[in-house]
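Here are my notes on this one, as promised.

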Amino acid sequence: MPSNKSVSDAPIVQFTNCRILRDHQLQREDLWVREGKILNPEKLFFDEKGSADSQLDCKGSIIAPGFIDVQINGGFGVDFSLATDDFKSGIDLVSQKILSHGVTSFCPTLVTSPPSVYHQVLPQISVRNGGAHGAGILGAHLEGPFISKEKKGAHPEHCLRTFEAGAFQDLLATYGSLDCIRIVTLAPEMKRSSEVIQELTKRGICVSLGHSVANLSQAEEAVQHGATFITHLFNAMLPFHHRDPGIVGLLTSDKIPPGRRVFYGMISDGIHTNPAALRIAHRAHPKGLVLVTDAIAGMGLAPGRHTLGQQVVEIDGLNTYIAGTKTLSGSVATMDTCVRHFQEATGCSVETALEAASLHPAQLLGIEHNKGTLNYESDADFLMLNDNLHVQATYIAGQEVWRQDTSGM
């Protein structure tokens with residue numbers, strides 16, 4: 001005889017009066033959470049004869065999966081490309097502060113640096129779950145140093161490297177270890193890049209194409225060898241040309257292997273990409289668009305001089321430049337701002353804007369069974385937002401980790 005006792009004694013929370021983003025639609029349903037996972041209420045009622053231990057009235061809010069930022073260089077005075085003795089406390093600070101932007105998981109990103117920096121910093125980055133202490137860490141994103149001199153952008157030229165005879169060994173020697181690495185951005189036109197792409201892909205590391213002068217056929221070849229991402233589309237690559245559209249042409253290429261999707265990052269801050277370019281990319285390949293902040297140490301701080309790895313950058317309003325130049329260097333935009341700007345610029349649906357910061361980065365990293373959706377059994381990392389897509393509260397594993405302070409409003 002089945003008992004009325006629930007399968008687990010863990011408390012069940014029922015979020016009511018909300019619109020949940022599920023199956024690409026906002027649906028008027030309740031959300032049920034137990035032990036950090038999203039529950040199927042039918043199984044709970046019919047198989048377990050269980051019910052909620054507590055209810056939370058969401059007052060009509062949108063509930064969406066937590067945002068995932070796969071390219072963030074730092075923030076709040078912390079620069080992930082600087083080797084410091086208190087690096088761990090810096091990464092902890094950023095992971096705590098970005099909860100208010102709706103980010104529940106991220107990939108700390110290092111720009112082109114000397115090998116000594118990688119050797120010092122990477123052992124201090126460990127993959128971990130999020131919680132009250134801050135957003136979860138999915139692994140590092142290494143942007144460079146195997147990139148093009150012509151399209152180096154804000155990366156220091158004296159640290160750039162090419163692949164020599166033992167290409168993959170070069171990369172290993174430069175980084176020191178691949179243990180915590182999730183994404184590597186490289187220029188696919190470099191000699192011997194194909195073998196490197198294959199070796200990284202074999203180890204489950206996502207290869208992204210960027211800071212590159214590659215033509216379309218070089219980019220297609222890289223995808224055929226396993227590359228799946230484009231780092232900040234339009235920025236630091238050859239401009240679109242109708243006879244050879246370069247890396248941008250991957251968005252509509254017919255040479256992508258069957259069953260493979262190419263994703264591309266967009267810095268939707270109103271500075272890095274003109275709204276018309278954002279619309280072109282989105283209309284050409286909506287399912288591949290991944291919103292990234294590309295945020296630097298100056299995010300969340302007053303304008304002035306800050307760092308990006310080996311360089312000094314100046315923040316002027318929303319613009320960030322390498323000091324003394326007009327070279328853009330990362331952004332100071334927050335992820336929730338990027339989501340709102342993307343929706344406004346493209347006129348896309350609320351669902352589409354939210355999925356570009358949650359479902360798509362999860363699919364890129366192959367973690368969509370746990371994160372980036374509110375499907376049953378997935379991690380209960382989610383946000384409460386108002387109709388204008390301002391974050392009201394952030395939850396990780398079903399626990400509230402941040403809430404908008406409304407007392408002074």
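1. Glutamate 48 and arginine 34 are both buried, and their side chains meet in a salt bridge at 3.0 Å, N to O. The pair links distant parts of the chain: glutamate 48 lies in the loop between helix 1 (41-47) and strand 6 (54-57), while arginine 34 belongs to strand 4 (residues 31-34), 14 residues apart. Keep in mind that this is a predicted model.

2. Another buried pair is lysine 371 with aspartate 379. The closest N and O atoms of their salt bridge are 2.8 Å apart. Both residues also belong to a network of salt bridges that links Lys37, Lys371, Asp379 and Asp381. For the whole structure, the tally is 15 salt bridges. As a reminder, side chains of opposite charge can pair when their charged atoms come close.

3. Aspartate 387 sits in the loop between strand 22 (382-385) and strand 23 (391-396), and arginine 19 sits in strand 2, 368 residues apart. With a relative accessible area of 51%, aspartate 387 is exposed, because the cut-off for that is over 50%. Arginine 19, at 17%, counts as buried, since it falls under 20%.

4. Six strands form it, in the order 3-2-7-22-23-24, with mixed pairing. Strand 3 (25-28) and strand 24 (399-403) are at the edges with a single partner strand each, so one side of each has no neighbour in the sheet. On average, neighbouring strands here are turned by 30° against each other, direction ignored.

5. Zooming in on that sheet, strand 2 (residues 19-22) and strand 3 run antiparallel and are joined by four bridges. Arginine 22 stands opposite glutamine 25 of strand 3.

6. Last, the annotated position. The unreviewed UniProt entry puts an "active site" annotation on Asp294. Where does aspartate 294 sit? Its place is in the loop between strand 18 (289-291) and strand 19 (304-308). Aspartate 294 counts as buried because its relative accessibility is 6%, under the 20% cut-off.

7. Which residues does aspartate 294 touch, leaving aside those up to four places away in sequence? They are Gln71, Asn73, Glu143, His232, Ile267, Gly330 and Ser331. With asparagine 73, aspartate 294 makes a side-chain to side-chain polar contact at 2.8 Å.

How values were computed
Residues are numbered from 1 along each chain as its sequence is written. This is a predicted model: local features need pLDDT of at least 70, side-chain atom pairs count only at pLDDT 80 or more; totals for chains, interfaces and linings use all residues. Side-chain values use heavy atoms; hydrogens and water are left out. UniProt positions are given in the numbering used here, feature names are shortened, and annotations may be inferred rather than shown by experiment. Helices (H or I, at least four residues) and strands (E, at least two) are DSSP runs, numbered from the N terminus. Buried means under 20% relative accessible area, exposed over 50%, partly exposed in between (1.4 Å probe, protein chains only). Contact means heavy atoms within 4.5 Å. A polar contact is a pair of N or O atoms within 3.5 Å; within protein, one must be able to donate a hydrogen and the other to accept it, and residues adjacent in sequence count only if both atoms are side-chain atoms. Two strands pair if DSSP finds at least two bridges between them. Axes are lines fitted to C-alpha atoms, for helices over the stretch in contact, and angles run from 0 to 180 degrees between N-to-C directions. A salt bridge is a side-chain nitrogen of Lys or Arg within 4 Å of a carboxyl oxygen of Asp or Glu.
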